[in-house]
Amino acid sequence: MSRTAVVGNVTAMLSDAGFLVSERCSVRPKSFDLAARRGEDLLLLKVLGNVDAFDGPTGAEMRRLGSYLSATPMVVGLRTRDEDINPGVVYFRHGVPAIHPDTLYDLLVEEVPPLIYAAPGGLYVNIDGSLVADERKERDWSLGRLADELGVSRRTVAKYEDGMNASVEVAVQLEELFDRPFSDPVNVMEGAEEVREADPTPEPPAVDPDDEHVHAVLSRAGFVVHPTQRAPFKAVSENAEEDDRPEVPFTLLTGHSSFTKTAAKRARLMASLGRVTRTRAVYFTEERSKRESLDGTAIVSVEELAETDDPERVRELIRERSEEPQEA
């Protein structure tokens, strides 16, 4: 199946599951392909045939965006270089969960989360260690007795009961011994943080020198600006909440360049992403434009920014020309 077909299938699946789905990101750079929201759940999805094509810088960018936008980054793919991806199993690439489209369907449509995740050494599950301890004690089994039944050491059983995850084989043995399940789902919608490596979100890239003057104006207007490197927008900017600035904070997706046909295409895409992510979109142009907005994205020239030293006027320009985020 071609990557285009997989993207189309994933888009249809998300819509069937009640998600509002953005336009496909068809301009470069693009660290993700789709944004989708259902209630408070916001997903940033990268769709690939081979998930090994998902590289470290893209993973870092998606994790940063997840932090800025309160979103879950996720890779959806069919295979690795060596094997097909198994449905029902959560894999990881550069700290981002990666799943098969069938797993996504089960999770979002059937509301059946995956139980298994891949890690160095094999396939594992989360087990409820306190439940294992309760069942062992109810049968009046010692740690040694359960260890013998499972073919592991007493120390390993103690670790299971303290919360260490187990291999799929051990989980199956436990369920057969006690005739009940012990596995907890992998919380993919929270980034599967309970099982992936707990490394910090990578540091942001340096500001592009061409964008420094725009970032400076936004900073003076009370925004904390987070530069991006591979996203379809130049930055995510958060309006800082301060005691002397009572207005409701808002978040921007910002672009900046001469207003070419490609820039117009990017501005339209940013409007679509803004609707899904509940942010405003603004495109800063190097020349004045007859347009003040494009499909909901505010169009503001650098010349207009230079004409005012009033931070509130900058915020007003953005509010007046951009589409207001919808909470429903």
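A cavity here is a set of grid points where a 1.4 Å probe fits but cannot get out. With that in mind, welcome to a short tour of a predicted model.

Figure 1. Of the 328 residues, 51% are buried. Among contacts with a separation of 6 or more, 59% join residues 24 or more positions apart. The accessible surface of the chain is about 15,700 Å², and carbon and sulfur atoms account for 46% of that area.

**Figure 2. The largest cavity, with a volume of about 70 Å³.** The count for the model is 2 cavities of 30 Å³ or more, and this view shows the largest one, at about 70 Å³. Its lining can be picked out residue by residue: Ala271, Gly274, Arg275, Thr279, Arg280, Ala281, Asp295, Gly296, Glu323, Glu324, Pro325 and Gln326. Two or more of these lining residues come from each of α9 (261–277) and β14 (280–285).

**Figure 3. The lining of the largest cavity, viewed by element and by class.** Start with α9, which gives the most to this lining, with 3 residues. Then sort the lining by class, and you will find 5 charged, 4 polar and 3 nonpolar residues. Arg275, Arg280, Asp295, Glu323 and Glu324 are among the residues to look for around the largest cavity.

**Figure 4. The second largest cavity, with about 30 Å³ of space.**

**Figure 5. The lining of the second largest cavity, viewed by element and by class.** The strand β13 gives the most to the lining of the second largest cavity, with 3 residues. By class, this lining divides into 4 polar, 3 nonpolar and 2 charged residues.

Key. Residues numbered from 1 in each chain as written. Predicted model: local features only at pLDDT ≥ 70, side-chain atom pairs only at ≥ 80, totals over all residues. Heavy atoms only, no water. 1 Å grid on protein atoms, 1.4 Å probe; cavity = no way out; pocket = protein on both sides within 12 Å on 5 of 7 lines; lining within 4 Å. Points joined across faces, edges and corners; volume = space filled by probe spheres on them. Helix = DSSP H or I, 4+ residues; strand = E, 2+ residues; numbered from the N terminus. Nonpolar A, V, L, I, M, F, W, Y, C, P; charged D, E, K, R; others polar. Buried < 20%, exposed > 50% of the residue type's maximum accessible area, 1.4 Å probe, protein only. Contact = heavy atoms within 4.5 Å. Areas by Shrake-Rupley, 256 points an atom, 1.4 Å probe, with all protein chains shown as cover.
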